[in-house]
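User: I would like to go through the labels given to parts of this structure and ask what each one rests on.

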Amino acid sequence: MDFSPPVKRTLLHRRRILCEGYEREDGLWDIEAQLLDTRSFELALPLGGRLAANEPLHQMGLRITVDRDSIIREVEPLTAHGPSSECRDISDTYRQLLGLRIAAGFSAAVKRLFGGRLGCTHLTDLLGPMATTAMQTLWGAQIRNAARGDETPIRVGDPKALINSCHAFRSDGEIARVHWPDSFTGAK
């Protein structure tokens with residue numbers, strides 16, 4: 001993807017977020033997310049010490065394991081690098097995700113559980129892309145399985161909950177007309 005040519009500039013900060021969804025041989029799915037922040041210059045850390053240019057300022061990750069009902073069955077938080085030793089202290093609080101279902105209300109539950117001082121901004125930031133990665137992974141598995149003749153349901157939420165969740169899924173759009181005709185509000 002190419003943006004238009006920019007004005008002359010200098011890179012100061014780079015954040016990389018990578019999300020991946022894996023099907024496990026035991027019938028569950030692993031969703032992994034990693035966050036890496038680097039600076040292009042040497043940085044004085046808030047509690048002393050220095051960070052060389054391009055060394056990790058933040059390097060954190062989460063792995064959640066979900067079942068066919070989109071319920072989180074396992075959680076593995078990881079903080080390899082943070083600007084303070086306290087950054088590692090909060091990781092285990094993310095085990096509170098156990099038993100939550102990725103569906104409507106998930107984002108509100110995440111805010112309630114990990115908002116402000118109750119969580120790490122960076123680990124919490126990963127949960128939004130992880131939830132959509134989980135949905136895409138489970139939908140992909142369901143589509144692939146159906147093509148193979150396996151109709152075993154994978155519960156990724158009520159598809160109608162997607163109506164009006166984005167421009168493409170608007171109730172008067174083509175996707176709603178084709179896939180959810182009883183909820184279609186456009187011209188017939």
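User: Why is T79 called buried?

Analyst: The model is a predicted one, and in it T79 has a relative accessible area of 9%. Buried means under 20%, so T79 with its 9% gets that label. The residue belongs to strand β6, which covers residues 72-81.

User: What makes the pair T79 and S91 a polar contact?

Analyst: The side chains of T79 and S91 are joined at 2.8 Å. The cut-off for such a pair of N or O atoms is within 3.5 Å, so the value of 2.8 Å meets it. S91 is also one of the residues that T79 touches, along with Q59, M60, C87, R88 and L123, when residues up to four places away in sequence are not counted.

User: Is E23 called buried, exposed or partly exposed, and why?

Analyst: E23 has a relative accessible area of 43%. Buried is under 20% and exposed is over 50%; 43% is in between, and therefore E23 is partly exposed.

User: Which side chain makes a polar contact with the side chain of E23?

Analyst: That of R144, at 2.9 Å. The limit is within 3.5 Å, so the label applies. Leaving aside neighbours within four places in sequence, E23 is in contact with R144, L28 and W29. The C-alpha atoms of E23 and L138 are separated by 8.7 Å, although these residues are 115 residues apart along the chain.

User: How do you know that strands β1 and β2 pair?

Analyst: Pairing needs at least two bridges, and β1 (residues 13-23) and β2 (residues 29-39) have 11, so they count as paired. The sense is antiparallel. E23, in β1, stands opposite W29 in β2. The two strands form a hairpin with five residues between them, and G27 in the turn has a positive phi of about 90°.

User: Which residues lie nearest the centre of the second largest pocket, and how much space lies in it?

Analyst: The space is about 270 Å³. Of the 16 lining residues, A33, Q34, M60, G61 and L78 lie nearest the centre. Elements giving two or more residues to this lining are β1, β2, β5 (56-66) and β6.

User: How many residues of each class are in that lining?

Analyst: Nine are nonpolar, three polar and four charged.

Notes:
Residues are numbered from 1 along each chain as its sequence is written. This is a predicted model: local features need pLDDT of at least 70, side-chain atom pairs count only at pLDDT 80 or more; totals for chains, interfaces and linings use all residues. Side-chain values use heavy atoms; hydrogens and water are left out. Helices (H or I, at least four residues) and strands (E, at least two) are DSSP runs, numbered from the N terminus. Buried means under 20% relative accessible area, exposed over 50%, partly exposed in between (1.4 Å probe, protein chains only). A polar contact is a pair of N or O atoms within 3.5 Å; within protein, one must be able to donate a hydrogen and the other to accept it, and residues adjacent in sequence count only if both atoms are side-chain atoms. Contact means heavy atoms within 4.5 Å. On a 1 Å grid over the protein atoms alone, a cavity is a set of points where a 1.4 Å probe fits but cannot get out, and a pocket is an open set with protein on both sides within 12 Å along at least five of seven lines; lining residues have an atom within 4 Å of a point. Grid points are joined across faces, edges and corners, and a volume is the space filled by probe spheres set on the points. Ala, Val, Leu, Ile, Met, Phe, Trp, Tyr, Cys and Pro count as nonpolar, Asp, Glu, Lys and Arg as charged, and the others, Gly among them, as polar.
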